[in-house]
Amino acid sequence: QVQLVESGGGLVQAGGSLRLSCAASGRTFSTMAMGWFRQAPGKEREFVLAIGWSGTITYSADSVKGRFTISRDNAKNTVYLQMNSLKPEDTGVYYCAAACSDYVREMCHYWGQGTQVTVSS
């Protein structure tokens with residue numbers, strides 16, 4: 001079993017930055033693909049971006065390219081989501097997921113509880 005705990009969410013003004021963290025426990029973290037997803041108010045959850053066990057990064061839509069980056073620290077069993085130049089449309093609950101085989105279909109074995117990100121205009 002894998003436990004995922006997100007942290008780092010909060011309220012930020014448009015143009016600001018936040019770094020989300022997702023700490024994993026319970027299994028060999030370094031072998032797992034990790035992903036970040038988000039759910040905006042009134043919308044379905046969507047894939048943001050992910051990082052494979054080897055460090056390969058997969059992006060979702062163009063909306064986050066150049067603004068969001070993902071990284072992992074296998075020594076700390078943690079994956080990070082660095083979000084820069086935040087926009088109000090980035091507001092939502094951000095979820096960390098692990099052991100993902102298909103990001104678009106959200107086929108991940110493990111999910112965190114989510115952390116709220118609110119971007120004010």
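What share of the contacts in the chain with a separation of 6 or more comes from residues 24 or more positions apart? In this predicted model, such residues account for 56% of those contacts.

The secondary structure of the chain consists of eleven strands and zero helices. Read from the N terminus, the order of elements is therefore β-β-β-β-β-β-β-β-β-β-β. The radius of gyration is 13 Å, close to the 14 Å that the globule rule gives for 121 residues, so the chain is as compact as a globular protein of that length. The C-alpha trace spans about 40 × 25 × 25 Å along its principal axes. Of the 121 residues, 44% count as buried.

Two disulfides are present in the structure. One of them is formed by Cys22 and Cys96, whose sulfur atoms are 2.1 Å apart. Cys22 belongs to strand β3 (residues 18-25) and Cys96 to strand β9 (residues 92-102), so this pair ties together parts that are 74 residues apart in sequence. The link of Cys22 and Cys96 is left-handed, with -75° about the S-S bond. Cys22 is buried, with a relative accessible area of 0%, and for Cys96, also buried, the value is 0%. A disulfide also joins Cys100 to Cys108, with an S to S distance of 2.2 Å. Here the torsion about the S-S bond is about 105°, so the disulfide of Cys100 and Cys108 is right-handed. Both Cys100 and Cys108 are buried. When the bonded cysteines of the chain are numbered in sequence order, the pairing reads 1-2, 3-4.

The largest nonpolar core contains 28 residues, of which Leu4, Met34, Trp36, Phe68, Val79, Met83 and Tyr94 touch the most other members. Two or more residues of this core are supplied by each of β3, β4 (34-39), β5 (45-51), β7 (68-73), β8, β9 and β11 (115-120). Apart from it lies another core, of eight residues, which includes Phe37, Phe47, Ala97 and Cys100. Cys100, one of the residues of this other core, is also the disulfide partner of Cys108.

Strand β5 is mostly covered, with five of its seven residues buried. Strands β4 and β5 run antiparallel and are joined by six bridges. In this pairing Met34 stands opposite Ile51 of β5. The hairpin of β4 and β5 has five residues between the strands, and Gly42 takes a positive phi near 75° there. Strand β5 also pairs with strand β6 (residues 57-59), in the antiparallel sense and over three bridges. Ile51 stands opposite Ile57 in β6. Five residues likewise lie between the strands in the hairpin of β5 and β6, where Gly55 takes a positive phi near 100°. In a regular strand the side chains alternate between the two faces of the sheet.

The side chain of Thr78 reaches the backbone oxygen of Lys76 at 2.8 Å. With neighbours within four places in sequence left aside, Thr78 is in contact with Ser21, Cys22, Ala23, Phe29, Ser71, Arg72 and Asp73. One of these contacts, Cys22, takes part in the disulfide with Cys96.

The second residue, Gln116, lies in strand β11. Gln116 has a relative accessible area of 39%; because this value falls between 20% and 50%, the residue is partly exposed. Not counting residues up to four places away in sequence, Gln116 touches Gly9, Gly10, Thr91, Gly92 and Val93. A polar atom of the Gln116 side chain lies 3.4 Å from the backbone oxygen of Gly92. The side chain of Gln116 also makes a polar contact with the side chain of Thr118, at 3.3 Å. Gln116 and Gln39 are 77 residues apart along the chain, and their C-alpha atoms are separated by 9.5 Å.

How values were computed: Residues are numbered from 1 along each chain as its sequence is written. This is a predicted model: local features need pLDDT of at least 70, side-chain atom pairs count only at pLDDT 80 or more; totals for chains, interfaces and linings use all residues. Side-chain values use heavy atoms; hydrogens and water are left out. A polar contact is a pair of N or O atoms within 3.5 Å; within protein, one must be able to donate a hydrogen and the other to accept it, and residues adjacent in sequence count only if both atoms are side-chain atoms. Contact means heavy atoms within 4.5 Å. A disulfide is a pair of cysteine sulfur atoms within 2.5 Å. Helices (H or I, at least four residues) and strands (E, at least two) are DSSP runs, numbered from the N terminus. Buried means under 20% relative accessible area, exposed over 50%, partly exposed in between (1.4 Å probe, protein chains only). A nonpolar core is a set of buried Ala, Val, Leu, Ile, Met, Phe, Trp, Tyr and Cys residues joined through side-chain atoms within 4.5 Å. Two strands pair if DSSP finds at least two bridges between them. The radius of gyration is taken over C-alpha atoms; the globule rule is 2.2 Å times the number of residues to the power 0.38.
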